[in-house]
Each structure stands twice: as C-alpha cells, then as structure tokens.
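Here's a friendly walk through one protein model. Have a look at it, and then we'll go through its parts together.

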Amino acid sequence: MVTRFKCGGIVLGMSMNHAMFDGVGAMEFMMNFSSIARGKGLITHPLPDRTCFKPRDIPEIKYEHLEGLKFSDIPQEMRNSFTTADVANSEISNISLPPEYSYKVFPFSGEMVEKLKKKTMEDGTLKKCSSFDAIAALVWQARTKAVDMPPDVPSKMLFAVDIRSKMDPPLPKGFAGAVKENPLSFCVEKVQEGVARVTNDYVRSSMDFTDTYKAIPALPGGIFLSAWWKIPFQLVDFGFGKPIYAGPIVNAMVEFVLLLSNGKQDGGLNIYIALQNHQLDKFEQLIYDI
C-alpha cells in the first residue's frame, strides 16, 4: 500500500509471509521490486527451490532441540498462528498489542555499541565479542530483569542464524535463569555458543525434528530476537531516493524483539521491544547503564 502525504513524503507498506522470506530474502525482493520500478531489471534472480529444506526420509535427530516445542506438548490455550492452520489462514489477523503493553524504540549509537563491547570484555572471560553478541546479551539480560522473571524459570532467547553458508552444499544466492545474576559476559558466551552450535549437521537434525514432531519455536517464557540492522533496507530506492526509515510499524507479538538500522551508517542501531509500561522504564535504565 502506498500513502502520499501533502508534504511530498511517501510511505510504502507491505505485508509478507515469513514462510516465503527471511530477512535477507525480503531485502533481495525489495531491491528487485525497486529496481523494476526504476525501469531496470532484476538485481538478483529468485531461486524458489525449497528441496534443500526437505527432511530426510529416515529422520536423524542427533541433538536436543530446545529451540522447538513439540506440537503435542503445547497446551490448547497457547496455540496461535504458529501452530494452527485455522488461525494462520484467518482473513482477519490481530495486529494490536495487549492493552497493558507498549512498543518503544531505544537508540544505540555506534559509540555506545563499542563501549558495550569493551564492557563485556572487562572480566577477561571472553576472547572476542561482536556487536550482535553484545547487544543480544544486553537485551536478553535487561529484559529478564525488567520483567522480574523468577529465578527458577528458564530465561530463553531465540534468534535467527543465517544458514546459507552453513549448509552443505551452501544455499545459492537469491534463495528466497542464571541470566539475571551473572555478568554480561556470561550472556555473551551463551549467545556465541548458540551461534557456534548451528552447523550443517545441526540444521539437518532440526529439520527432521520439526517435521517429525510438528515443532514450533519455543517462545513461551522467552523472546525471539531478530537482527535487521545490518540488512540494508535503507538502500532500497523506488526512484524517489533512499528512505529515512525502513522497519515495522505494527506487531502484535510481545515476544518479538527487533534490532533495526538507525539509518546513519555509523555502527549504531535501534532496539524495538514491547513490554508493560512499568517494565519499559526499568529496561531503559538497565540497557543504558553502560
């Protein structure tokens, strides 16, 4: 949907099915779309072949997949569009947060990110720390504290890992608890361990697990962190120039946390998160205490 404002500004709104695109795939679609709108051809030729994701004929589930919930283990009251076709195929979807929740964007400059990375290294536990490692760990720990999660309840954070280069063969270009009490370096270690765990063998095992048990992401009690800030949506140009903002405007899922570009190309980002209002204040204090 295109909205034109009296000032000359233009907003392009789109809705996509995540089963069709991940973040990189969505960006490539937008780049192609905008290139065609400018009278040019495709930049990347789509390759919609999904046979590489087909589970094995004889499942080989070699790992404990804590990131997934078996369909049979999901209580009826917790089933949503992730799990039931009747909800997923509904003509009307809920795009509003529960009334007690609000979304807020927390900006982090490139200088603040570098300061945070140095802080995670202070105790000598870590040998390295990327920007994603540091921000993901900070959001995880700060949110766990802000919601005052009981110490006996596991605090979970799921995040997407680009498996294009991890698959064997690689996917082709164009393929459409202790958290509160331990230092931040502990959370960074757990993030790094999660990334390192994703190998070709693990991905194949996860496909078999998901197909065998009809599993969905294990979101209850945790969050799903999605890092968009390095996906160059801000470069999409439909002929009117580059956008001043590229990101979501509505989201009804309080478990989703997005890391978005600040549009400045300075190494900074924006944290997009939903919490109850009193929790937002506490979260803000925690993440900026660096």
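Helix 4 (residues 131–146) lies across strand 4, strand 5, strand 7, strand 8 and strand 9, and it runs at about 155° to strand 7. Angles like this one go from 0 to 180 degrees between N-to-C directions, with axes as lines fitted to C-alpha atoms, for helices over the stretch in contact. Helix 8 packs on the sheet too, touching strand 4 and strand 9, and its direction makes about 145° with that of strand 9. Touching here is a matter of contact, which means heavy atoms within 4.5 Å.

Before going on, a word about what you're looking at: this is a predicted model, where local features need pLDDT of at least 70, side-chain atom pairs count only at pLDDT 80 or more, and totals for chains, interfaces and linings use all residues. Residues are numbered from 1 along each chain as its sequence is written, and side-chain values use heavy atoms, with hydrogens and water left out.

In what order do the strands of the five-stranded open sheet come? The order is 4-9-8-7-5, and the pairing is mixed. Strand 4 (101–108) and strand 5 (156–159) are at the edges with a single partner strand each, so one side of each has no neighbour in the sheet. From one strand to the next, the twist averages 25°. Two strands count as a pair if DSSP finds at least two bridges between them. Helices (H or I, at least four residues) and strands (E, at least two) are DSSP runs, numbered from the N terminus. The protein has eight helices and nine strands.

Now for some of the pairs. Strand 4 and strand 9 run antiparallel, joined by eight bridges; Y101 has Q276 of strand 9 as its bridge partner. Strand 9 (residues 269–276) also pairs with strand 8 in the antiparallel sense, over four bridges, and there I271 in strand 9 is the bridge partner of L259. Strand 7 (residues 222–227) pairs with strand 8 in the parallel sense, again over four bridges. In that pairing, F224 has F256 of strand 8 as its bridge partner. As a general point, strands of a sheet pair through backbone hydrogen bonds, either parallel or antiparallel.

Is strand 8 mostly covered or mostly open? Strand 8 (residues 256–261) is mostly covered, with six of its six residues buried. Buried means under 20% relative accessible area, exposed means over 50%, and partly exposed is in between (1.4 Å probe, protein chains only). Across the 290 residues of the protein, 36% count as buried.

L286 sits in helix 8 (residues 277–287). Leaving aside neighbours within four places in sequence, L286 is in contact with L138, A142, K145 and A146. L286 still counts as partly exposed, because its relative accessible area is 25%.

D208 belongs to helix 7 (residues 200–213). D208 counts as buried because its relative accessibility is 1%. Setting aside neighbours within four places in sequence, its contacts are P55, R56, P59, E60 and I61.

**Salt bridges**

A salt bridge here is a side-chain nitrogen of Lys or Arg within 4 Å of a carboxyl oxygen of Asp or Glu. The whole structure has seven of them, including these:

| Salt bridge | N to O distance |
|---|---|
| E60 and K62 | 3.8 Å |
| D201 and K62 | 3.2 Å |
| D211 and K214 | 3.7 Å |

E60, K62 and D201 are linked in a network. E60 is partly exposed at 35% relative accessible area, K62 is partly exposed at 48%, and D201 is partly exposed at 25%. D211 is partly exposed at 38%, whereas K214 counts as exposed at 51%.

**The surface**

The protein exposes about 17,100 Å², with carbon and sulfur atoms supplying 57% of it. Accessible areas come from the Shrake-Rupley method with a 1.4 Å probe, and for residues only the protein chains shown count as cover.

Which residues make the nonpolar surface patch of about 700 Å²? They are V2, I10, L12, M14, M16, F29, F33 and F240. Patches are made of residues with over 30% relative accessible area and no salt bridge, with like charges joined within 9 Å and nonpolar side chains (Val, Leu, Ile, Met, Phe, Trp, Tyr) within 5 Å. Strand 2 (10–12) and helix 1 (23–37) each supply at least two residues of the patch. F29 has its place in helix 1, and F29 is partly exposed, with a relative accessible area of 33%.
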